[in-house]
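I opened the notebook to look up rings, surface and overall fold in this structure. The entries follow in the order I made them.

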Amino acid sequence: GVAPGSDIDSLAALSGKRIGYAEGTSQQAFVLRALDKAGLDVDDVTLTPMALADFPDALRSDQIDAAPMSEPVFSRYMQTPGATALPRDEIADLSDGISYLYSSAKALSDPATAAAIRAYVGAYIASVDWANDNRDAWIDEYFVKSQGLTVEDGRRILDANGPTTFPRLDENLVATQQHTVDVIDAAGELPRPVEAAEAFDLRFDEVVQAAVADAGAGHVRN
């Protein structure tokens with residue numbers, strides 16, 4: 001998203017600009033990939049640390065010039081008079097499009113709690129896949145009634161994102177996350193080396209596989 005009145009119309013135009021920066025989030029990696037794609041580094045811009053939730057108001061109040069936003073926050077921001085955004089073809093390859101479910105190591109080490117988490121993962125996959133198969137109801141209940149967007153906004157978002165799939169919890173997924181870690185590390189943004197594998201419990205892959213099969217969902221995008 002680009003602040004009202006800003007002349008940013010490409011990644012290269014970010015040079016010298018103030019960019020909203022939420023450390024420790026996927027948006028952090030998005031910004032760093034954007035700078036790399038434009039041939040810029042962190043010294044060519046002003047990274048402005050703030051919480052993700054503050055990005056829209058910071059853009060509207062001229063505290064920053066640009067910020068990455070996920071849906072539906074982006075669509076709500078675009079209702080702001082004068083708000084613009086970078087062309088989709090400029091940024092389409094900057095995100096891996098993956099969301100994660102997190103749990104504490106303490107919870108996973110307790111058999112009863114781990115069993116409850118296994119049940120939750122199955123229910124989560126079933127519920128998200130329900131939204132894939134019931135687009136109109138999901139658009140009405142979530143995007144319109146909950147998020148204050150229009151039916152057209154909801155359809156555009158779902159069309160752009162495509163159906164949600166559920167990747168195998170395996171070494172390929174770990175490698176994808178390690179790549180994101182390496183992007184952040186290469187920019188000097190990590191205090192120490194990080195191994196992505198340490199953050200995954202691959203025992204839950206069997207839960208993912210079973211839930212995907214039960215829901216008739218998919219592991220990969222077509």
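This is a predicted model: local features need pLDDT of at least 70, side-chain atom pairs count only at pLDDT 80 or more; totals for chains, interfaces and linings use all residues.

Residues are numbered from 1 along each chain as its sequence is written, and side-chain values use heavy atoms, with hydrogens and water left out.

Next I looked up aromatic pairs. Rings of Phe, Tyr and Trp (its six-membered ring) pair if their centres lie within 6.5 Å; planes under 30 degrees apart count as stacked, over 60 as edge-to-face and the rest as tilted. I found 6 aromatic pairs by this rule. Tyr100 and Phe200 are edge-to-face, because their ring centres are 5.8 Å apart and their planes stand at 75°. Tyr100 is in the loop between α4 and α5, and Phe200 is in the loop between α9 (171-186) and α10 (205-215), so this pair ties together parts 100 residues apart in sequence. Helices (H or I, at least four residues) and strands (E, at least two) are DSSP runs, numbered from the N terminus.

I then checked burial: buried means under 20% relative accessible area, exposed over 50%, and partly exposed in between (1.4 Å probe, protein chains only). Phe200 is buried at 16%, whereas Tyr100 is partly exposed at 24%. Ring pairs link Tyr100, Phe200 and Tyr102 into a cluster.

I also looked at Trp138 and Tyr142, a stacked pair with 4.8 Å centre to centre and 5° between the planes. Both belong to helix α7 (residues 135-146), and because they are 4 residues apart, about one helical turn separates them. Trp138 is partly exposed at 29%, and Tyr142 is partly exposed at 25%.

Where does Leu101 lie? I placed Leu101 in the loop between α4 (88-91) and α5 (105-109). Leu101 counts as partly exposed, because its relative accessibility is 44%.

Last, I looked at the whole chain. I listed 10 helices and 2 strands, in the order β-α-β-α-α-α-α-α-α-α-α-α along the sequence. The C-alpha trace spans about 50 × 45 × 30 Å along its principal axes. Of the 222 residues, 34% count as buried.
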